[in-house]
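Q: I would like to go through this structure step by step. Could you guide me?

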Amino acid sequence: MSDERRPPARKPAAPRSTGGTRRARNGASSRTSATASSSTRKPAAKQRATTAAPARKRRRVDAPPPGERRYRRSASLKLASTGLRLRVFLVVVALLLGVAGVRAFQLQALDPQAFAAEAASKMQTTRDEPAIRGAITDRNGVVLAETEPGFKVTVDPDMIKTNGADKRYPMSRKKQEEAELAPGAVADILVEHLGGRKADYLEIFDRTNEKTGKRSRYEIVARQVPAHTFTQIQADMRAGLDGDGKRPLYGVFGESDPIRVYPNRSTGSNVVGFVNAEGKGASGLEYALQEQLAGVDGKSTYDRSTYGRIPLGTNIMVPAEDGVDYQLTLDSDLQWMTDQMLAEGIRNAKAKTGTAVAMNVHTGEILALSVLPTFDSSNPGAADPDDLGNRAVTQAYEPGSTQKVLTMAALADQGLVTPDTRVQVPPRIASGGGYVSDSYDHGTINLTARGILANSSNIGTIQLARQMEKGTLSQYLASFGLGSKSGSGLPGENAGSIPGKDMPDYTRDQISFGQGLSVNAVQMASAIASVVNGGTYHQPRIIKSATGADGKAVELPEPTSREVISEEASAMVVEMMEAVTMLDPDKRAIPGYRTAGKSGTAQRYDPKCKCYNGFTASYVGVAPAEDPQILVYVVLDQPTNGNLGSQLALPVVNQVLQIALPRYNVLPSTSEAPRKALTFE
Amino acid sequence: MSEMTNRPRAGVSTVGFVLIVLAIVGLGLGGVMVVTTSIGAQSRELSALRNRADDLAYESAALGTQLETLSSTASLALRATDLGMVPNPYPAFVSLADGKILGTPTPVEGDELPQLRGRLPKVTDVPAQQPPAPPSESPQLPGEAPTEPVQNPDDVVAADQVGGRG
């Protein structure tokens, strides 16, 4: 039946048609009336109702006749309006996505760096890569100062007492046994590698933290332990109680603490200086060159987790820039020998302190710089604080008669004096308000200039010096390097003082023989070197070269040189100085070489009493006299066993020359020292 | 009903296709695992080698320091003295060009420069781990003050009796 218009829930037509068929027996048009549209039914039903027995009850058309099966009407689902449901759902989803989107925007667009940084910081660690401090070596590469890797050994007493047990769980019996044995075993290891007593270490392990009252978690055991020793300690700890690694020991840690090593100890220590506890230079070249020696620390940033470094994570490293290595002009062997000989000289003179300078006259390089008493750079605390500096540059004194060399040089260069210039020397000379006399009594004597220098006559020198302008003399002294810092590279230099050109006459008289002006030992040595080497002043130097961490040479400031006197004048002065040696060759000459020198015995100014108190005995020697190569200048401060420079300082100078000359391949003299006239008729 | 579209024939069956994809994915994941594991293992090896290199560098530094201390001048002087060597201050050279002898070779008596012969160190100088310390350089200086009479000039340029000794 294709009756689509009929609602589907309704009964099919068949039962009705049964009824209809029955009714159709009654009439011929019943079928057609049953299949007709409902619009025609009513009239038909009405018709039928009226034609059928009128007494029958009116019955619903679609109700089945009695006895027939009845079908309940199926439950009808209320179809909610889909539109509404969909809309609600859409709104909810839109809300959720909207919140997510806003959050995403907030996290990624507004301040992404902060969040990324926060995440990274949980994973990243940054570690300093310390720079290795530059080394200081002597002219032959012998190491004077070097850094060795080292560790500060610390312990965690709590960890040792429990042998590293995990605090979260109770200790098993085996672990408890280990914990009993651990402190003793760790103390044994520390005693073996660090020295000390076992009882002291056990006492450290018993320490408690004052604030919390519990066992201490951090105690320092030893500083500046060589790294190799520390790795041996670590290996022993890992080997543990039985030595086979099955029961390792825990609780000893190390922090980097590099050690500055001075293998030559007190040789050259006044020049090299020392470092303080933090490893920063505190005196000498360690202090003066601190910045260059220290270098620049690097940094390394990497990701790490509990299990260690993450292999492919961030790995940024800024390498450390190691310090600059310096090579000094010092010769550590000659330095040591000079130290010994100067020490002997100080002992013999019963002097307070002494200084010796050995210099190459043609280059100004300082070959040895002895300052005694001295100290051990690796243990500066044991020395007298006065000895920790470098008196050779910091202490200014009146040079005494060695100054006559410079006076004669100035006069010779001016053409006023030659070694044979004749001077009639009175027994005393008026100067200022008083008189100046010589160190030995004499009447009026006839001395050549050579003789004046050989006999170290103050009066004769004054007479000759008076021939020159005061300003000229002052100028010469300044050009010899006196009165200003020599810039050798040594820190803390005392410039000394020379009078200006408006000095009073008696000052000029005084400075001509070495009183009334102050110099330091290096200055004086360079000044005399400039006189004997042919007349060129070379700035004294202590640093020979510098090498950066990359192996390339570092530029150093060029040392200055200048002409101060003519070559002829220089030769004349050396001739006069040789006369000093020839005055008493048995005592003053050295085997194999012709030497020239000048002694000095000056009165020493004492600032405490503002008076002259004690002497400064000095001697300067150059060799070989025919072509000076090496100069040695020794100053003894406040000798009490006599005071003559020629007696006390001369032996030291000669000994140093005897060692230094062959060492630097200076050939022995082939000519005899001349004996020229010191007096005239 | 009528066929609307022509279904193409598949090369493999559905099951086969799924298996192939799974195999490719599996291989990829397996490869990633192998690479990552090997990176991890190599990273561990690298750390171990780095540590070993550090340890060897420390040992080398410690030996270097020991060597330098032993080759310091003072230490050598002590050893030379132990061997019976003495310093020789008499210069003599052999000219390599012509074999001439320059200077006067002089045999030494053994007492020429006694202060250069290494002396035994004082007990207080010797630290625990180092070889015998070199001799102390500080001379035994007397503590007494100079006995010179105090001179009077008030200032440096005092005029009378300045007689500085020559």
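Predicted model: local features only at pLDDT ≥ 70, side-chain atom pairs only at ≥ 80, totals over all residues.

Q: What is the average pLDDT of chain B?

A: Chain B averages a pLDDT of 74, and 67% of the residues score at least 70.

Q: Which residues of chain B does UniProt list as a transmembrane region?

A: The unreviewed UniProt entry lists residues 12–35 of chain B under that heading. In the model this span is 92% helix and 0% strand, and its end C-alpha atoms lie 32 Å apart.

Q: Which strands of chain A does helix H1 of chain B lie across?

A: Helix H1 (residues 14–70) of chain B lies across strands E3 (143–148) and E7 of chain A. The helix runs at about 160° to E3(A).

Q: What is the strand order in the sheet with E3 and E7 of chain A?

A: The order is E7-E3-E2-E13-E21 in chain A, which makes an open sheet of 5 strands with mixed pairing. Strands E7 (259–261) and E21 (543–547) of chain A each have a single partner strand, so they stand at the edges with one side left without a neighbour in the sheet.

Q: How do E2 and E13 of chain A run, parallel or antiparallel?

A: Strand E2 (residues 136–137) and strand E13 (residues 325–328) of chain A run parallel and are joined by 2 bridges. Opposite Thr137(A) stands Gln327(A) of E13(A).

Q: Which domain does UniProt annotate over residues 129–310 of chain A?

A: The unreviewed entry gives "Penicillin-binding protein dimerisation" for residues 129–310 of chain A. In the model that span is 35% helix and 25% strand, with its end C-alpha atoms 19 Å apart.

Q: Now a hairpin: how many residues lie between strands E17 and E18 of chain A?

A: There are 2 residues between the strands, and in this hairpin Gly432(A) takes a positive phi near 60°. Strands E17 (residues 428–431) and E18 (residues 434–437) of chain A run antiparallel, joined by 4 bridges. Ile429(A) has Val436(A) in E18(A) as its bridge partner.

Q: How many disulfides are there over all chains?

A: The whole structure contains 1 disulfide. It joins Cys609(A) to Cys611(A), with an S to S distance of 1.7 Å. The torsion about this S-S bond is about -80°, so the disulfide is left-handed.

Q: Why does Cys609(A) count as partly exposed?

A: Cys609(A) counts as partly exposed because its relative accessibility is 38%, which falls between the cut-offs of 20% and 50%. Cys611(A), by contrast, is buried, at 5%.

Q: Lastly, is Arg594(A) buried or exposed?

A: Arg594(A) is buried, with a relative accessible area of 13%. The residue lies in the loop between helix H22 (585–588) and strand E23 (596–606) of chain A. Leaving aside neighbours within four places in sequence, the contacts of Arg594(A) include Glu578(A), Glu626(A) and Glu672(A).

Conventions: Residues numbered from 1 in each chain as written. Chains lettered and ligands numbered in written order. Heavy atoms only, no water. Pairing = 2+ DSSP bridges. Contact = heavy atoms within 4.5 Å. Axes fitted to C-alpha atoms, helices over the stretch in contact; angles between N-to-C directions. UniProt positions renumbered as here; feature names shortened; annotations may be inferred. Buried < 20%, exposed > 50% of the residue type's maximum accessible area, 1.4 Å probe, protein only. pLDDT = per-residue confidence, 0-100. Disulfide = S-S within 2.5 Å.
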